[in-house]
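Here is a short briefing on one protein model. Keep the sequence and the 3D view open while you read.

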Amino acid sequence: MEFNKAQNIIGLRVLNDNVIWLWKRNKKVVVIDPAISEPVINYLCENNLHLEAILQTHHHNDHIGGTEELIKKWPKVKVIASKKEKDRIPFQNLSVADGDKLNILGQGVQIIEVLGHTRSHISFYLSNDENPVLFIGDTLFSGGCGRIFEGTYEQMYDSLERIKLLPRNTLIYCAHEYTRSNLLWALNLKPEDQDIKNKLLQVEKEISLKRLTIPFQLDEEMKINLFLRARNLKEFTDLRANKDLWS
Ligand SMILES: [Zn+2]
């Protein structure tokens, strides 16, 4: 378990490299992409907390694997997912689409569709805080972006362009701890890049202290993420193809 920079959002590290985010307000909790249920149930029970909602960015098993067990424990929980995924996320009970605005834990949350990794991937943007927050699932990672499984290169490029329009101080919470490996790939391509070198040093320090390297802030990420730096679709496509061969 790990307490992160924004004091009301906690990351639980599970499986190989997944992170389940718990967004807390008073005694209520919203969980994002529960890969498995047990550590979530344990944390909530130990701290006498109630599960209010589950946010699902997409249908992959390492994002929805714990959801059914959580519903058994908290039968009234809201399960929020893309309405395009009623087949693959069948337990959803609040179906959403791009541009929808919800109120969760008293906070405005906007649905931003970010296609590419899957054909219906969504993200959850919390706009009203002093620090805007984006739960981005598997679309953007620190130093990298999601693999294109069902969408097109163009869709993924457009998704990253949408993210770049958000306020520069947005804190981004992704679902995997891939940062170090992504930075090693980037440095292999750009060995003289001082921003990426500095970021790797910082990340290695965090890792040695057993801390998560996420969330990350959009403005800083735009300096070190080659996919966000790509000036056009061609450049992005070449980078993504290169990364697919790397790992
Ligand atoms: Zn995925």
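In what order do the six strands of the open sheet lie? The order is β8-β9-β10-β11-β14-β15, with mixed pairing. This is a predicted model: local features need pLDDT of at least 70, side-chain atom pairs count only at pLDDT 80 or more, and totals for chains, interfaces and linings use all residues. Residues are numbered from 1 along each chain as its sequence is written.

**Overall build**
- The protein chain has nine helices and 15 strands. Both are DSSP runs numbered from the N terminus: helices are H or I with at least four residues, strands are E with at least two.
- The radius of gyration is 17 Å, close to the 18 Å that the globule rule gives for 247 residues, so the chain is as compact as a globular protein of that length. The radius is taken over C-alpha atoms, and the rule is 2.2 Å times the number of residues to the power 0.38.
- The C-alpha atoms fill a box of roughly 50 × 40 × 30 Å along the principal axes.
- Buried residues make up 43% of the 247 residues. Buried means 20 or more other C-beta atoms within 10 Å of the residue's own, exposed means 12 or fewer, and partly exposed lies in between; C-beta atoms are placed from the backbone.
- Of the contacts with a separation of 6 or more, 56% join residues 24 or more positions apart. A contact needs C-beta atoms, placed from the backbone, within 7 Å.

- Strands of a sheet pair through backbone hydrogen bonds, either parallel or antiparallel. Here, two strands pair if DSSP finds at least two bridges between them.
- The edge strands are β8 (101–104) and β15 (216–217), each pairing on one side only.
- β8 pairs with β9 (residues 107–113) in the antiparallel sense over four bridges. Ile104 stands opposite Gln107 in β9.
- The hairpin of β8 and β9 has two residues between the strands, and Leu105 there takes a positive phi near 50°.
- β9 and β10 (residues 122–126) are antiparallel over five bridges. Val109 has Leu126 of β10 as its bridge partner.
- β14 (residues 171–174) and β15 are antiparallel over two bridges. Leu171 faces Gln217 in β15.

**The α5/α6 pair**
- α5 (residues 179–189) and α6 (residues 194–208) pack at about 155°, with axes 10 Å apart. Axes are lines fitted to C-alpha atoms, for helices over the stretch in contact, and angles run from 0 to 180 degrees between N-to-C directions.
- That angle makes α5 roughly antiparallel to α6. Under 35 degrees counts as roughly parallel, over 145 as roughly antiparallel, 65 to 115 as roughly perpendicular and the rest as oblique.
- Residues making the contact include Leu183 and Leu187 of α5 and Leu200 and Val203 of α6.

**The loop between α6 and β15**
- Ile214 lies in this loop. Ile214 counts as buried because it has 25 C-beta neighbours inside 10 Å.
- Beyond its neighbours within four places in sequence, Ile214 contacts Val19, Ser142, Tyr173, Cys174, Glu177 and Thr179.
- A cis peptide bond, with omega about 10°, joins Ile214 and Pro215. Pro215 is found in this loop.
- Lys210 also sits in the loop. Its phi is near 60°, a positive value in a residue other than glycine. Lys210 is exposed, with 8 C-beta neighbours inside 10 Å.

**Leu15**
- Leu15 lies in the loop between β2 (9–14) and β3 (18–25). Phi of Leu15 is positive, near 50°.
- Leu15 counts as exposed, with 12 other C-beta atoms within 10 Å.

Technical notes. Two residues are in contact if their C-beta atoms, placed from the backbone, lie within 7 Å.
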